[in-house]
Structures are given as C-alpha cells and as structure tokens.
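Dear colleague,

Please find the structure below, together with its sequence. My notes on what was found in it follow.

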Amino acid sequence: MMPKLIKKIEFDKTISKWFKSYDVIAPVSSKEGIHFKRIKDPKEIKLDGNQNSIYPPKNVFLPQSEVLFTVKNDNYEMPDQAPRKRIVFGMRPCDARAVWLLDTIFNKADDLDLYWGKRREKALIISVGCASMCSNGFCDTVGSGPFGKDGSDILITELDDAYFVDPLTSAGEALIKSLPEADDTQGKNAKLIQKGSVIKEHQAADLPRIREKLYEAFNTSIWKDVSESCLGCGVCTYLCPTCFCFDIVDEIDRSERVRNWDTCMFRVYSAEASGHNPRPTKAERTRQRIMHKFAYWVDNEAASGCTGCGRCISQCPVNLDIREMVQEITSLKIQ
Amino acid sequence: MDDFSQVRKEAARILSEKIVDMVIGFKQGTIPLKSQPMFITSQEDTDKLILDGFCQNNLAVFLHDQPKDKRIGIICRACESRAVRALVIEHQVNRENLYLIGVPCMGILDWKKIQDAADGPVTNAQESGDQILLEIGDKKQVLIRNEFIVDSCRGCGHREPIDVDIQIGEISPIEMNADNLPQTWGESFKSKSADERFQLFTEETERCIRCYACREACPMCYCTECFVDHIAPRWSESMVTPGGTQAWHIIRAFHQTGRCVECGACERACPMDIKMVYLTDKLNDDMKKEYGFEVGENEEKQPPFATITLDDKNRFKY
Amino acid sequence: MDNLYEPIPMRIERIIQETDDASLRSFELSFMRDADEKAFFKAYNPGQFCQLSIFGKGEAPFGIASAAWEGKFVRFTVQNVGSFTDTIHHSRVGDSIGMRGPLGNGFPIQDWKGKDVVVIGGGCAFSTLYALTKHIMHADNRKEYGRIVVIYGARSSGLCLYKPDIKSWYQRPDMEIHQAIDVPEEGWDFHTGYVPDVVKDVAPSPKNSVAVVCGPPIMTKYTLPILVEIGFDAKDIFTSLEKKMKCGVGKCGRCNLGPKYICKDGPVFTLAELNELPLDL
Ligand SMILES: Cc1cc2nc3c(=O)[nH]c(=O)nc-3n(C[C@H](O)[C@H](O)[C@H](O)COP(=O)(O)OP(=O)(O)OC[C@H]3O[C@@H](n4cnc5c(N)ncnc54)[C@H](O)[C@@H]3O)c2cc1C
Ligand code: SF4
Ligand code: SF4
Ligand code: SF4
Ligand code: SF4
Ligand code: FES
C-alpha cells in the first residue's frame with residue numbers, strides 16, 4: 001500500500017473533509033490533561049508532545065456506561081447504535097493495539113458482542129506514532145512499540161512540515177485515496193524517526209518465562225507483599241486500555257438494563273450471594289490483575305495483555321508500579 | 001524535614017524493642033514526583049524511610065486493613081494524627097496499640113501541576129528549601145515550592161500533630177499560603193453565586209469516572225459496604241451519568257460531615273483532577289458554626305451527625 | 001445477528017416445592033415463541049445453565065434441571081438466598097420471566113457412550129445431575145451407557161430434591177441408587193453420613209467409568225480425592241463449577257478461573273483440567 005502525505009498547512013483542510021461523512025474523535029486539551037472526544041474543528045486536536053490521554057480511548061468502543069436495553073413490559077429492546085461512521089484520529093499505538101486485543105473478546109464472528117461490533121464496524125483508527133516515548137511507557141518491551149501497527153487502519157509519522165500517512169488496511173487506504181503520495185526521501189525520514197523513537201536500554205520482555213514464573217508464584221505470599229499499599233480503587237484498571245470487565249445493572253427508574261465498567265480490584269467484584277468471596281483480600285485481587293495481563297492473555301492469545309501504555313503507573317495513587325511488581329514476583333524485567 | 005535520620009532511628013528503635021510489629025511510612029517512588037507507602041517489619045528497612053512533599057497519601061488509611069490488636073507505628077504529619085484521633089473516636093482503631101511518630105509537614109506538592117510547569121518529562125525531582133529542583137533529561141529547572149503546594153495544604157490551620165507518642169523535628173512557622181498566590185479553588189468557589197457554584201460543581205463532577213480512588217484514599221471512608229455498592233435497594237444511579245456522579249459526590253460529602261479531616265488525600269488520588277475538598281470543608285464549617293464541633297479537636301466527642309441524644313432539638317421524621 | 005445479552009420471554013408453567021423448609025423450589029418455564037423453543041432444544045445438552053432475568057432484579061445463573069425429552073419446558077431448581085432468588089420464589093404460575101441460554105459447555109455425554117457413569121451430587125447442585133440422569137435413563141438413551149450409579153446426599157430427608165422420581169429410581173433394575181443424609185433420622189432406611197464417606201463405602205468401580213461430581217464446594221473438595229484414591233483417572237472425573245457471573249457468555253470477565261471463563265469454557269471441567277488451572281475459587 002502506497003504511503004501518502006498530509007502537508008501541515010493542509011492538515012486542517014484534510015481533517016475537515018472527513019466531517020461530512022464521519023464523526024471525528026481526537027485528542028483535545030481538557031481539565032485533567034489530554035482527552036479523546038468528538039471534535040468539530042481540527043484546531044481542537046492536540047498532538048504535540050508525547051503525552052497520551054489519561055482516560056483511555058477504549059470507551060469509543062466500550063463506553064464506560066451504556067444502555068444494553070430499554071425495557072418495557074418485559075420486552076428488551078436494544079437502542080439504536082451510532083448511525084454515523086467514525087474516525088478515531090490520533091490514537092497512540094499502545095491504545096490501538098489494545099483495541100486489537102479486545103477484538104479477540106468482543107469481535108469474534110461466531111460470538112459477537114453486538115454493541116462493540118457495530119461501533120467497530122463503522123470506525124477507522126488513525127494512529128499517530130510517538131517520536132519519543134512517553135515517560136512511563138514501555139510499549140516496545142511488550143510486543144508493540146511507539147510505531148506498532150496492530151489495530152490501526154492508518155499509522156501516521158510526524159515529519160517536519162508534513163505527516164507521513166501509512167495505510168495498513170484496505171479501509172484505511174480507501175480513506176486517503178485522494179491524498180498525494182509520499183516520496184522516497186519522506187519515506188526514509190519517516191523510517192529514521194520510527195527507528196529513533198525506541199529507548200535503547202529497553203529489552204523485549206520474556207513473556208513465556210514471566211507467565212511461567214507467575215504461575216509458580218500463584219500460591220505464595222508474595223502477592224500480599226506487593227499489594228500491601230494497594231487501595232483497591234479503579235484507577236489502574238479503568239484507565240488500562242485493555243481492561244474490559246463490566247457489570248450489568250438494572251436501572252429501574254430509567255427502565256434500562258445497562259452495563260458499566262467494573263474491575264477485579266474492587267472488593268465486591270467477585271463476592272458471591274452466599275457471602276463467599278474467592279478474592280477476599282487485595283493480595284488475590286492484585287494477583288488477578290497481574291496474572292490476567294501477563295499470564296492469562298499470554299495463554300489465550302500468545303500476547304501480553306499489557307500494551308505498555310504506562311497509565312496505571314502514572315496514575316496509581318500509591319505509585320504501585322506494574323513493572324516493579326512483576327519484577328518482584330518473577331525476578332524478570334518487563335522493561 | 002532537615003534531619004530525617006532521627007525518625008528512621010526512632011522507627012528502628014520501636015521495632016527492635018518490640019514496641020510495635022510494623023511501622024508505616026513512605027519510601028522513594030519508582031518514578032519522579034512520586035513516593036510509595038511502605039510497611040516495615042524489619043529494622044534494616046527503616047533506612048528506606050523518607051518524607052517529602054511528594055508523599056501524597058494519608059497513611060492513616062492503611063490502618064483500616066490492619067487487625068485492631070496489631071501494634072503499629074505510624075509516621076504522622078498533622079493530618080495523619082488528626083485522622084488517627086477521628087478513627088479512635090469512631091472506634092475503628094485501638095489507640096493503645098498505635099505508636100505515633102509526629103513529624104512536621106511543609107505542605108504536599110501537586111505533582112501534576114509540577115509536571116505541567118516543567119519544560120518536558122521530569123526525570124528527577126528534589127526539594128531544596130523553598131525550591132523544587134527538576135531534571136528534565138540533561139536540562140535543569142527550578143520551581144518555587146510554595147506555588148505548587150496543593151490547595152488543601154495552603155492555609156492549613158492545624159500544623160501541629162496531635163496526641164503523638166513522640167514529636168521529632170520542629171514545626172516550621174513558614175507560611176504556606178503566600179500572599180502573591182492566586183486564590184485557592186475552594187476560596188474562589190465560596191465567593192461565587194449559587195448558580196455559578198452549581199455550574200462549577202457540575203463541571204467538576206462530570207469528569208468523574210467513579211473509580212472511587214477518592215474513597216479508598218480517604219482515612220475516614222472505611223465502611224465495609226459503601227452506599228454506592230449496595231444493590232438492594234440501590235441508593236444511587238450506577239452509571240457514569242450526571243445523575244450518578246453528582247449523587248456520588250453529594251452523598252460522599254454528606255457522609256463526611258464533621259468527619260473529614262481536610263487532608264485532601266481524596267483530591268490527590270483522583271486521576272481526573274476533580275476538586276472535592278471544598279464540599280467537605282463547607283460542611284465542616286457548618287458543623288463548627290451550628291454545633292461548635294471541629295474534627296480531631298476533642299478526644300471523646302462524636303461527630304454531631306453520628307450521635308443521637310435524648311434532648312436533640314429535632315426528632316427524626318419518617 | 002443475535003444479541004448475546006437479550007433474554008427471551010418465558011412463562012412460568014409449574015412451581016414445585018421441593019423441600020420441607022420451602023427454601024428450594026423448582027420452576028418449569030415454557031416458551032412464548034416457537035423459534036426460541038426450537039433454538040433452545042437444538043443447542044441444549046445436560047450440564048448447561050441459563051441466565052434467568054427479572055427486570056429490576058437483574059439476572060442470575062441456574063443449572064438446567066430437565067431433560068429434553070420431558071417436554072417443551074425448561075426446569076430450574078432455585079434456592080432462596082438473595083434478592084433475585086427471593087423474587088422468583090414469590091412469583092406465580094403464569095408470570096413471565098426472561099431467559100438466556102442454554103449457556104456453557106455441559107457434560108460431554110457423547111464421549112461417555114459405552115461407559116459406566118457414576119453420578120455424585122449434593123444439595124441443590126444436584127439439579128443438572130438430575131437432568132443428566134433423566135436423560136441417560138430414558139429408553140432411547142439407556143442402552144448407550146453401561147452401569148449407572150447415583151449417589152445423592154442432602155443435609156436431611158426434608159431437604160432431598162425430586163423425591164417422586166428418586167423413589168421411582170429404586171424400582172429400576174438398570175440403575176443403582178444411594179441416598180444419604182448428614183445425621184441419622186427416624187425412618188430413614190438409606191445411608192447416613194457425608195457424601196465423600198458414602199462414595200468411599202460404595203466404592204464404584206473405576207473400570208471403563210466416568211464420575212460426575214456436583215455439590216457444595218466442600219463436598220466436591222473432599223469427594224474428588226476419594227475418586228482418585230479409588231482409581232478413577234483425573235480425565236474421567238467431571239465436576240461443574242460456580243462463580244459469580246454477570247454476562248454468562250465470556251465477555252464481562254467476572255467468572256474467570258485462570259485463563260478460562262467458567263460460563264463459557266465450563267461450567268463442566270475434568271479434574272485433569274482443574275489440576276492445570278490456578279484455583280481461584
Ligand atoms: C453456573 C451456575 C449454576 C447455578 N445453578 C444454580 C441452581 O441450579 N440453583 C440455584 O439455586 N442456584 C444456582 N446457582 C447460584 C445462583 O446463581 C445464585 O444463588 C444467585 O445468583 C443468587 O442471586 P440472588 O439475587 O438471590 O442473590 P443476591 O446476593 O441478592 O444477588 C446476587 C447477584 O444478583 C445481582 N443483582 C441483584 N440486584 C440486581 C439488579 N438490580 N441489577 C442487576 N443485578 C442485580 C447482583 O449482581 C448480585 O451479584 C448457580 C450459579 C452458577 C454460577
Ligand atoms: S491504582 Fe494503585 S491503589 Fe488503585 S487498585 Fe490499582 S494498584 Fe491499587
Ligand atoms: S497494565 Fe498498565 S501499562 Fe499495561 S496497558 Fe494496562 S494501564 Fe497500560
Ligand atoms: S485485569 Fe481485572 S479488570 Fe482488567 S480485564 Fe482483567 S479481570 Fe478485568
Ligand atoms: S477519584 Fe475522582 S474520578 Fe475517581 S470516583 Fe473519586 S472523584 Fe470520581
Ligand atoms: S459471566 Fe461474564 S465472563 Fe463469565
């Protein structure tokens with residue numbers, strides 16, 4: 001597929017053209033930092049720096065709260081799904097890879113989650129690679145990288161005066177058909193930027209070994225040691241682009257059955273009607289989170305369930321650092 | 001604090017003399033601008049203890065999970081000491097089993113504000129007197145410390161740790177709320193009209209993602225079942241909608257009336273940078289005005305909203 | 001395209017009080033739409049479960065307690081333990097109720113053909129084993145299997161389920177049935193003691209056999225090692241697991257046991273499989 005080019009002076013014009021047929025969702029400035037939302041003007045887009053959003057854009061496909069059914073007289077009706085096509089512009093490769101991972105849960109042909117599926121079917125993901133890695137990111141060690149391609153329809157590399165636009169799927173290619181082609185020098189420059197983006201000291205994590213070591217540690221007290229300061233909040237999992245757990249709740253006053261994000265870090269998450277809780281303390285709950293990312297995902301998809309975005313590290317109120325925790329448990333580094 | 005080694009020594013002493021089984025304090029974080037709570041059971045580890053403006057949690061929160069009969073030493077800034085007293089009054093901890101090491105506090109720093117003010121990703125940060133020294137890769141940058149003290153610490157009215165077993169270091173008279181600083185969020189909120197206040201409240205709560213980090217970081221939120229987790233009946237909308245998030249913020253604040261120790265741990269834990277101390281501050285002010293009650297001030301008095309007496313002016317109505 | 005989360009409408013046809021203390025009741029639900037009925041019976045395999053749904057009370061998973069040949073209904077036996085189960089206990093014949101299913105894998109009964117089957121159950125978890133036994137004992141299916149041994153325990157005689165059927169099983173020459181209650185009672189002619197001990201006493205032969213164990217966690221925990229002791233291969237010991245569930249279709253993440261989801265990859269697992277999984281139960 002032919003790489004294309006958007007000159008910086010033509011950026012606004014190019015994006016504006018998409019408004020006709022697409023809702024465009026992109027990173028903008030907000031009170032807490034960068035936030036993905038639907039834009040009405042290309043000038044709102046904030047791409048500078050290597051800062052990703054605090055709130056992950058997974059909500060584009062799995063909103064934090066959504067109505068599954070409106071219920072009238074025991075009749076369950078699915079609400080109409082977003083009729084317009086959407087472009088998610090400016091996702092970072094770690095988050096695009098998360099969408100790619102979540103497709104294995106929600107987007108399987110024989111077992112499709114309609115809500116996710118309908119949103120996904122109508123959306124294109126245009127990622128912007130990170131010329132220099134963000135402070136706490138380690139995407140390059142867990143199977144992706146600052147210019148990782150998984151999950152994106154188009155991958156953009158920022159050059160001095162232009163964006164180098166690399167289509168990765170036929171849908172992506174179709175969208176940028178009319179853009180001018182990039183020339184060889186631009187191609188070479190893009191390659192240089194991509195190469196220069198990784199941190200040299202980082203090494204690929206030995207995922208099979210980490211998985212094995214985590215299983216070995218399953219019944220030990222190490223989980224209590226590493227989780228002692230954990231508060232049991234929803235920060236690390238709600239902000240994680242690959243965490244997908246949800247709760248289903250009936251809101252009687254609204255006549256709706258809804259689903260909300262949920263998390264294994266909450267005490268009530270797995271408490272049973274009998275009062276029994278299979279994960280009674282933070283130790284078991286932390287074990288679930290770490291093992292899900294670095295053992296169960298590896299079992300099921302041969303890939304790390306952590307894309308290395310670093311959000312849980314930056315935002316944990318007690319600075320529990322998943323890299324340090326994994327290392328303490330397995331004596332193996334993920335960075 | 002200039003000479004923290006005394007605190008380390010005291011922690012080591014109470015461990016070695018078996019006065020306590022564990023000491024709760026802070027250690028260096030894994031990333032710049034952060035620290036980690038630390039649970040020490042062996043003397044050697046007391047070397048790792050630190051205390052600086054990046055220690056953003058209220059350590060008293062960790063007492064909730066500990067058995068009541070465990071003997072625990074805890075490094076106490078004023079806020080921690082007030083939280084311990086409030087927990088004692090509410091019968092959540094056993095004062096005899098605690099050993100409080102009082103330390104001075106110069107106000108907690110807002111790491112997000114520092115990161116925003118820095119010229120790039122901070123790779124190292126140190127406090128030095130009234131300055132914050134930053135490293136951004138090879139570059140260096142200096143910030144004025146006072147400008148980055150969190151709102152809840154500015155104008156702090158109770159800097160003296162209370163009821164401690166030992167006080168180490170002197171409480172500095174330095175003012176944390178310098179005149180040249182803009183009004184805190186809470187002060188400017190107070191000066192607004194009701195409509196404007198509601199608008200601000202709406203703007204703050206609409207970012208809430210209901211992760212409950214504020215609740216979990218709060219030393220006074222210890223209910224085994226929080227009202228938002230209750231399913232039958234449901235007390236509030238479960239969703240991240242204005243109805244759901246506003247109910248969360250209002251009811252949370254009311255449950256803290258006369259109980260909130262005003263440490264601001266909730267705000268600092270919030271990933272979405274949502275203001276909330278102004279709500280409990282206001283309710284605490286009302287408690288002072290209407291009932292002459294101030295949290296932590298007295299050793300026995302229960303918060304007015306948590307007590308019933310036969311001569312109460314108003315009866316409960318159903 | 002089907003919506004995984006959409007319940008189909010069902011009607012409560014019959015309510016059977018199973019136990020003296022009324023804590024367990026069976027509900028037989030009939031289909032309101034022919035298409036739903038066809039789809040259900042096309043997919044159903046004993047050992048599967050459904051999510052029952054009452055708007056306002058949410059959904060809860062229940063094992064299917066009827067065999068397909070019994071008729072155009074689906075039976076569930078429900079213990080009253082909380083808000084959902086209490087509501088269904090107070091519903092009446094004719095009430096409507098939502099249902100999603102059949103869900104989960106069920107027992108691999110095709111693989112068991114030609115083998116002896118030892119069925120071991122306790123408490124209300126006996127429901128899917130009841131469906132299994134009824135399926136196997138039906139004239140059309142009985143010849144496909146070897147010896148059938150059923151061991152069933154309850155806390156007291158008053159808490160025994162499916163009394164008329166179990167009584168009739170004693171009359172059948174082509175099956176062996178052992179009932180047990182925890183403590184002695186006057187007029188009780190069968191075993192007394194806990195299920196694991198009864199299994200030890202009865203000591204069913206492991207030769208060309210499979211054993212299926214469903215019961216309260218504590219019963220299952222002590223029964224499995226006894227079967228191993230008797231000589232059953234871990235691959236031939238089956239059990240059905242429970243964990244809190246929400247979606248029932250492997251999406252919400254709630255019910256995982258290591259990399260497996262009990263709702264989708266289970267609820268039926270062999271002991272050999274469980275030995276490989278982290279037991280986060
Ligand atoms: C595979 C499987 C098979 C089972 N088979 C059987 C069986 O055959 N017979 C049997 O008796 N039990 C069975 N159980 C157990 C049964 O599912 C539980 O006893 C039941 O879920 C208890 O529900 P409750 O509402 O009465 O209890 P509660 O403790 O009141 O609530 C339990 C759950 O209901 C949900 N809930 C309550 N209110 C709402 C609401 N407003 N909106 C959304 N959700 C709500 C909650 O999420 C809560 O987790 C089985 C369980 C599993 C996993
Ligand atoms: S964000 Fe930190 S404190 Fe909160 S649950 Fe995760 S690890 Fe625990
Ligand atoms: S586990 Fe942490 S670093 Fe990994 S993808 Fe999730 S939030 Fe990002
Ligand atoms: S880590 Fe926890 S919250 Fe995240 S997907 Fe796994 S089980 Fe769900
Ligand atoms: S910590 Fe912030 S986002 Fe989380 S529930 Fe509290 S106010 Fe909402
Ligand atoms: S109940 Fe949702 S994954 Fe099993």
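I begin with a loop in chain C: Pro267(C) lies between helix H8 (262–265) and strand S15 (268–270). Helices (H or I, at least four residues) and strands (E, at least two) are DSSP runs, numbered from the N terminus. The peptide bond from Gly266(C) to Pro267(C) is cis, with omega near 10°. Another cis peptide bond joins Gly101(C) and Pro102(C), with omega of about 5°; Pro102(C) belongs to strand S6 (residues 96–103) of chain C. In chain A, Ser255(A) has a positive phi of about 55° although it is not a glycine, and its place is the loop between strand S12 (246–251) and strand S13 (256–261). For background, most residues other than glycine have a negative phi, and most peptide bonds are trans.

As to provenance, this is a predicted model, in which local features need pLDDT of at least 70 and side-chain atom pairs count only at pLDDT 80 or more, while totals for chains, interfaces and linings use all residues. Residues are numbered from 1 along each chain as its sequence is written, chains are lettered from A and ligands numbered from 1 in the order in which they are written, and side-chain values use heavy atoms, with hydrogens and water left out.

Chain C also holds an open sheet of six strands, in the order S4-S3-S6-S1-S2-S5, with antiparallel pairing (two strands pair if DSSP finds at least two bridges between them). Strand S4 (58–63) and strand S5 (73–79) of chain C stand at the edges with a single partner strand each, so one side of each is left without a neighbour in the sheet. Strand S3 (residues 49–54) of chain C pairs with S4(C) in the antiparallel sense over six bridges, and Ile54(C) stands opposite Gly58(C).

Turning to the interface, the contact (heavy atoms within 4.5 Å) takes 41 residues from chain B and 42 residues from chain A. The two chains bury about 3200 Å² between them, 55% of it on carbon and sulfur atoms (the accessible area, 1.4 Å probe, that two parts lose on being put together, summed over both). There are four salt bridges between chain B and chain A (a side-chain nitrogen of Lys or Arg within 4 Å of a carboxyl oxygen of Asp or Glu). In a salt bridge, the side chains of Lys282(A) and Asp65(B) meet at 2.9 Å, N to O.

Yours sincerely
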